[in-house]
There are 2 protein chains.
Amino acid sequence: VSRASFEELQRRLQEVSDLGKTMSLLAWDQQVMMPRGGGPLRAEQLATVGRIAHEKFTSAEVGRLLDELHDFGEQHEYDSFEASLIRVGSRDWDKARRVPAELRADIARASALANQVWIDARENNDFASFLPVLRTNLDLRKRYIECFDVGDEPYDIVLDDFERDMKTAEVRRLFDYLKEHQAPLVKEVAAHADELEQASGEFPIALQRQFELEVARAFGFDDQCWRLDPTVHPFASGTGTTDIRLTTRYFPHNLDGLFATMHEFGHGLYERQVDPALERSPLARGVSLGMHESQSRMWENLVGRSLAFWRHFFPRLQQVFPGPLAGHDADRWYREVNAVQPSLIRVEADEATYNLHIILRFELEQAMLADEFPLEQLPEEWNRRIWEYLGIEVPDDTRGVLQDVHWSGGSIGYFPTYALGNLISAQIWEKVTADLPSLYDEFEQGEFGSLRDWLREHLHRHGRKFTPSETLERVVGTTQIDPEPYVRYLREKLADIYGIAATAA
Amino acid sequence: VSRASFEELQRRLQEVSDLGKTMSLLAWDQQVMMPRGGGPLRAEQLATVGRIAHEKFTSAEVGRLLDELHDFGEQHEYDSFEASLIRVGSRDWDKARRVPAELRADIARASALANQVWIDARENNDFASFLPVLRTNLDLRKRYIECFDVGDEPYDIVLDDFERDMKTAEVRRLFDYLKEHQAPLVKEVAAHADELEQASGEFPIALQRQFELEVARAFGFDDQCWRLDPTVHPFASGTGTTDIRLTTRYFPHNLDGLFATMHEFGHGLYERQVDPALERSPLARGVSLGMHESQSRMWENLVGRSLAFWRHFFPRLQQVFPGPLAGHDADRWYREVNAVQPSLIRVEADEATYNLHIILRFELEQAMLADEFPLEQLPEEWNRRIWEYLGIEVPDDTRGVLQDVHWSGGSIGYFPTYALGNLISAQIWEKVTADLPSLYDEFEQGEFGSLRDWLREHLHRHGRKFTPSETLERVVGTTQIDPEPYVRYLREKLADIYGIAATAA
């Protein structure tokens, strides 16, 4: 009888999963394909499907099945599909049932409506027009937090949605370490900076697209299960492990779009390599945003900004863009794509300054939730911190507070996971390079199969079976996010490029 | 209290409408954007959303509300939103509740799975690989018919889904008229055919796309609420009156794609011009497929194959494709695009032979439902009838029984509506041209606004408020589909082009 109950549970969770993937498509289409006239209706469609998915999942019947199946789950191996589905399903259910379906629908609707407002505000440098939807999103997020028993800090609640079990205090501790050990690197580099001239000229977008597809295909992208499209703010999405959708954007005078594509490839590969047996269940996706970002930042930076990668791809790059790259070589290009320079846009920031952009957002989000300043002042608060952390002035809100899509989507609590991802990526990288000593040689040959397979075997295939900590332990042998490998990696790279000391003073 | 019940009904129907439009997006995406690896999952997503939409609509609660609101509806004007929603909702509910949700889900799943099989079979001229999914679709359609009390003929049931209240016997009567009065035209023309040489050469696809967008924009297409994308088999879709999606296809050596685009524009405009007050209700779409096809065939043929249209657009066409069109002029081009020539592909057939393609399918569909021959023999049955009706041999199944998407989607009963649409389009055209005597002068100026407005006012805005007959009566003053205007129109046009007698002997 337990087997029948398990199958009934599975059937119900499949339905919820189908609705979730349908929402992914509604959102992807909105940001990539939909004529803007469809916006208000799309918001209703997202609200309706979101409400139904929430009602189906939080139903008493699902709760009863999970309860009834508790012992059945315990009787199975911890990492079996059965035990994992019941364990993760119960945890999700306990959390989701605290949130009324109407609030879920309101959040989905507001987020969809805000998207176009944000696009227009960003394009027109018009924070005032974005303010009302930001306020709505913030209020909804506060109502969401009120659904839970707040322990130490309200921010813990939103953080947990993206990084299960992670606490604000722990993030603060990690970020304090970065302030102490990473921020000084930027100053050290500034003292050693030679005058590295950046490649300049036209990078025609059609050729960028062609080149980045060559890179993506070498990484593992294929037309059978992947798409790549332009959008306003790059993201990765899809409707299942066999339908992965990357998005990117292009600039006519630089190759930032290529790095965005490699970043999104990392997200896409994680979803693509989840064990197919987990499909149509809540286990069929990455375990957390931090772990997800570890994958995107890994392919963007540890692979895509490595010397070995460019030893292979630079000759081809030069062939595609002979004008801007005349007189360059792989070594010089490697230095260029790793140049450290405080800058305004997070997604285009170098590795040394990137985490500082995150720390700023982490602090502002907590301040917004605590109403520490009137929301009208957000641009000033933003600009002040950019000056404080990066020493540069923000010329307009388009390149300041309006640059990121997240707050338009109500995703407060998401940003820290980028920095956590950076830290995790270096922890994993130390393990990968120890296991695969010829990895860089393979990159120089344009081969990325060993890395892809290693990641599938040690991380991707597990999907959401385990907690983030358990998953990290399976990959690197420790349950804790450790900031040291990342700072170590960064210092060694910058020592190589800028000649700063390879170990901290 | 009735007002509150009405609002509750409206809310529930909005939810069902949102789910329906979500299914439209899932299907559009599958045929236009999705990597093929997503196919099996997409089938599950369509099945799940389809089942939920069906369950929500056929719920006892909706039935109770409709019942309770019967008098409330009668108290309102017949053409009010309230009366129409209750009247149409009740009729839909009575019909839908006879069909189990699981059968609905099975149909949605089978249709989605069959799509890729059909694409591959068509590409590889491999009917055998299509046979199993065709059999499944046919069996599902028979199970569907069994949900109803079959009156005169089983085909009445499937026909009613696309053309409410239409009977197979009535279609047969209309088609017999066409056999008697339209088929001879083809023979008369053959006797008068001069050797009109068709334009030949390269029509680069990028330029085709540019030209057809110019035409579509002149018709009323804009980027705010419309999209146009390539696909395997053209169709029109969308997620609401403000998000209209046309699809088309291109051939490198002819402009058939342009006519497909004008055809789909006609469908799109109908949906675009439905009264926005009907949005998110079952009234917010075209009243029937026959009426829909009257719109697509009107823009494709009565507009897009008219001399006035080409007097405006031909100089531009020649500018875009100077090579193939050297030495042509508008009058000669008008004759070319109206050339009568029995041919294999329905969507590319001229107006004189088009309905014969439909009659063949109408007869085959009835034969399939009645198991009149083993399904393996379908290609032979197809080819035999093409010979009989059109006097040509079918060289392969790709250009024969595999050419259309409909049977892969399980849409049996759909085809007759194309011919009904042709007939209705001529009925409407006689009314339009009487009301707007300067219509062709406007076409010659590249202006289509009066036609668009006339159609909105007399037809489009009503959406699905009335029955097809009631709607027809509002547009042309009679409830009956009349084949005479179409045959009259055709004979006059062919008299002009081929010099056959302008009235039948």
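Predicted model: local features only at pLDDT ≥ 70, side-chain atom pairs only at ≥ 80, totals over all residues.
Modeller: On the side of chain A, A:Met33, A:Pro35 and A:Leu41 supply 18% of the area buried against chain B, more than any other three residues.

Colleague: Why is an area used to describe an interface?

Modeller: The size of an interface is often given as the accessible area lost when the parts come together.

Colleague: How do you know that the copies meet through the same surface?

Modeller: Of the interface residues of chain A, 98% are also interface residues in chain B, so the surface is the same in the copies. The contact takes 40 residues from chain A and 39 residues from chain B.

Colleague: Why is the pair A:Arg245 and B:Asp29 called a salt bridge?

Modeller: The N to O distance between their side chains is 2.7 Å. The rule asks for a side-chain nitrogen of Lys or Arg within 4 Å of a carboxyl oxygen of Asp or Glu, so the pair qualifies. Between chain A and chain B the count is eight salt bridges.

Colleague: Which element of chain A gives the most to the side that touches chain B?

Modeller: Helix 1 of chain A does, with 11 residues. By class, that side of chain A has 13 nonpolar, 10 polar and 17 charged residues.

Notes. Residues numbered from 1 in each chain as written. Chains lettered and ligands numbered in written order. Heavy atoms only, no water. Contact = heavy atoms within 4.5 Å. Buried area = accessible area lost by both parts, 1.4 Å probe. Helix = DSSP H or I, 4+ residues; strand = E, 2+ residues; numbered from the N terminus. Nonpolar A, V, L, I, M, F, W, Y, C, P; charged D, E, K, R; others polar.
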